[in-house]
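Here is a short report on how one chain folds. Look at the strands first, then at the helices.

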Amino acid sequence: MATTPASSSSSSSDDLLNNLHKTGFIIIRSILSPEELSSLRTAASQITALARQGSWPHIRTVGKQFPPWPSTPDPETGIWGVQHLLHPSLPIPSESRAAFCRLYFSPSILGVVKQLLQTTSDSDLVMELCNMLVRPDTDFELRWHRDDIPWNATPQEEEARLVRPDGTKYLHTQWNLPLYDDGSLILIPGSHRRARTEAERNAGPYEENLPDQITVHLKAGDIAFYDNDILHRAVYSRDKERMTLHGSVGHIEANKARARNVLQHGVGEWVDRCDFTGLLEGNQRRVAEGMGERLVAMGRENTDVGYSLSG
């Protein structure tokens, strides 16, 4: 199995966007300082412990890949994700809540987001998801999928939905940022640009050796941005610590299909209660409040969105 190709820690806007269009993902090394990594590990450990014991209902339960998930974990198999790290009722100390907010709305991350979404304005950005992928209590794998295209889609339906590499504008981007070294994500570079091949279409859901697949190896503090319609899966081990922050940011021009992909997670149920007072200051707070308001508007304009995938 191939591993992650070389990537640089700094690139021009054109390089980042061109690489995302070409391969479907980009990696930026060491985006966190040691102090940021430490504070985020503390916050992540606090909310993960509460989620494992059933004291935080917004979780991803082992055995179920897509939303909606049960609100209580199975005591034997556990969880593989913690949802809603920007929730106003997150039951951890305010400094830990602030660590998540400072990360999600950080100029270092939003700066890359704006490059990928081809905008220079914070007012174009929409708050979306800030979740976390964690170690389960039993080994668990995600099957091959695209985040917003059903597996039974025809080649023609896939072609109609996929972003083209001809300068078509991205209206959202998502990222993984591990707090511990992570090699869970497996993907097929370039597959976001095309319908599945015959081999991919006929493969089993957990096929371990599809042609051209790679494992994305990230060190703690790295960040990977990727097209959510790239063919990908993940392998979770109960024996390896995992706390990987998993976020997304949208563009104000995004359509109803994107609203479904975001709102299916339930973020619209609480975003209008977000108050970043005491968590963020100055321009960062103003940016956060504006992004939150645009998510509220998305929810108001798109009701009964349903779910992208099932299972």
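## The sheet

In this predicted model, seven strands build an open sheet. Their order is β2-β10-β7-β12-β5-β4-β3, and they pair in the antiparallel sense. Strands β2 (25–28) and β3 (59–61) stand at the edges. Each has a single partner strand, so one side of each is left without a neighbour in the sheet. On average, neighbouring strands are turned by 20° against each other, direction ignored.

Strands of a sheet pair through backbone hydrogen bonds, either parallel or antiparallel.

## Two helices in contact

Two packed helices are described by the angle between their axes and the distance between the axes. How do α2 and α3 cross? The axes of α2 (residues 34–52) and α3 come within 8 Å and cross at roughly 120°. Angles from 65 to 115 degrees count as roughly perpendicular and those over 145 as roughly antiparallel, so α2 and α3 are oblique to each other. The crossing of α2 past α3 is left-handed.

From α2, the contact uses Ser-39, Leu-40, Thr-42, Ala-43, Ala-44, Gln-46 and Ile-47. From α3, it uses Ser-96, Ala-99, Phe-100 and Leu-103. By class, this contact has seven nonpolar, four polar and no charged residues.

Technical notes
Residues numbered from 1 in each chain as written. Predicted model: local features only at pLDDT ≥ 70, side-chain atom pairs only at ≥ 80, totals over all residues. Heavy atoms only, no water. Pairing = 2+ DSSP bridges. Helix = DSSP H or I, 4+ residues; strand = E, 2+ residues; numbered from the N terminus. Axes fitted to C-alpha atoms, helices over the stretch in contact; angles between N-to-C directions. Parallel < 35°, antiparallel > 145°, perpendicular 65-115°, else oblique. Left-handed = near helix turned anticlockwise from the far one by under 90°. Contact = heavy atoms within 4.5 Å. Nonpolar A, V, L, I, M, F, W, Y, C, P; charged D, E, K, R; others polar.
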